[in-house]
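This briefing is meant for a reader meeting the structure for the first time.

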Amino acid sequence: MRLSVGLLSAVLTLFQPAAADPGIVTREIAGAAFEDVAFALSDAIAAEGIGNISTSHFSDMLKRTAPDLGHPPELFADARIYTFCSARAAARLSIESPHHIALCPLSIAVYRIQADSKIIHLGYRHSAATSGGAEVDALLERIVRRTVDTLR
């Protein structure tokens, strides 16, 4: 029981408002279908010349593991994480520090929180506090902006 309560507590801390974590950037999209946003995000990543996008079906994983781990199965209405690598960004970060390998691959999440399921969120983590990290942040912001602009 102790493990389940601890895990639940850890999972629920993920749902603090984005403003509470300055390392996370989020954008909200209202009035769009989840699949349309997911498709627009994939297109926006590809428009940057980036291929080999991997998709993690995050909400499905949480639903599947809820009975064994004791967390609520319906934390998200939908949630996917798209991971990808920009060779240019990876090289720039690695030149700055070989330890920046841990910052790759890049990822952008698209999700609907069960409690406000009419709003779709796009979110990503800030990169390193370096000039290469600033380029990565600009890339991620371009992708998110292109996604949002496609849906207008």
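Helices, of at least four residues, and strands, of at least two, are taken here as DSSP runs and are numbered from the N terminus. In those terms, serine 86 has its place in the loop between β3 and α4, the helix of residues 87-96. The model is a predicted one, and the points below describe it topic by topic.

**Overall plan**

- The protein is built from five helices and five strands, and along the sequence these elements follow the pattern α-β-α-β-α-β-α-β-β-α.
- Of its 152 residues, 35% count as buried, while the accessible surface comes to about 8,800 Å², with 58% of that area belonging to carbon and sulfur atoms.
- When contacts between residues at least 6 apart in sequence are considered, 69% of them join residues that are at least 24 apart.

**The sheet and the helices that lie on it**

- The five strands make an open sheet in the order β1-β5-β4-β3-β2, and their pairing is antiparallel.
- Strands β1 (24-30) and β2 (54-56) stand at the edges with a single partner strand each, so one side of each has no neighbour in the sheet.
- On average, and with direction ignored, neighbouring strands of this sheet are turned by 20 degrees against each other.
- The antiparallel pairing of β3 with β4 extends over eight bridges, and within it threonine 83 has serine 107 of β4 as its bridge partner.
- The antiparallel pairing of β2 with β3 extends over three bridges, and here threonine 55 has tyrosine 82 of β3 as its bridge partner.
- Helix α3 lies across β2 and β3 and runs at about 125 degrees to β3.
- Helix α5 also packs on the sheet, where it touches β1, β3, β4 and β5 (119-125), and its direction makes about 165 degrees with that of β5.

**The nonpolar cores**

- In soluble globular proteins, nonpolar side chains tend to be buried together.
- The largest nonpolar core has 26 residues, and the members that touch the most other members are Leu41, Phe84, Ile108, Val110, Leu122 and Ile143.
- Two or more residues of this core come from each of β1, α2 (34-47), β3, α4, β4, β5 and α5.
- Leucine 41, with residues up to four places away in sequence left out, touches Tyr82, Ile108, Val110, Leu122, Ile143 and Thr147.

**The aromatic rings**

- The structure holds two aromatic pairs, and Phe58, Phe76 and Tyr111 form one aromatic cluster.
- In the pair of phenylalanine 58 with phenylalanine 76, the centres are 5.7 Å apart and the planes stand at 75 degrees, an edge-to-face arrangement.
- Because phenylalanine 58 lies in helix α3 (residues 58-69) and phenylalanine 76 in strand β3 (residues 76-84), this pair ties together parts that are 18 residues apart in sequence.
- Phenylalanine 58 counts as partly exposed, at 22% relative accessibility, whereas phenylalanine 76 is buried, with a relative accessible area of 9%.
- The rings of phenylalanine 76 and tyrosine 111 have centres 5.9 Å apart and planes at 85 degrees, so this pair is edge-to-face as well.
- Since phenylalanine 76 belongs to strand β3 and tyrosine 111 to strand β4 (residues 106-113), the pair ties together parts that are 35 residues apart in sequence.
- Phenylalanine 76 and tyrosine 111 are both buried.

**Two single residues**

- Is serine 86 buried or exposed? At 13% relative accessibility, serine 86 counts as buried, because buried means a relative accessible area under 20%.
- Neighbours within four places in sequence aside, serine 86 is in contact with Ile50 and Leu139.
- Glutamate 135 is found in helix α5 (residues 131-150) and is partly exposed, with a relative accessible area of 41%.
- Although glutamate 135 and alanine 89 are 46 residues apart in sequence, their C-alpha atoms are 7.2 Å apart in space.

Terms used
Residues numbered from 1 in each chain as written. Predicted model: local features only at pLDDT ≥ 70, side-chain atom pairs only at ≥ 80, totals over all residues. Heavy atoms only, no water. Buried < 20%, exposed > 50% of the residue type's maximum accessible area, 1.4 Å probe, protein only. Contact = heavy atoms within 4.5 Å. Areas by Shrake-Rupley, 256 points an atom, 1.4 Å probe, with all protein chains shown as cover. Phe/Tyr/Trp six-rings, centres within 6.5 Å; stacked < 30°, edge-to-face > 60°. Pairing = 2+ DSSP bridges. Axes fitted to C-alpha atoms, helices over the stretch in contact; angles between N-to-C directions. Core = buried A, V, L, I, M, F, W, Y, C linked by side-chain atoms within 4.5 Å.
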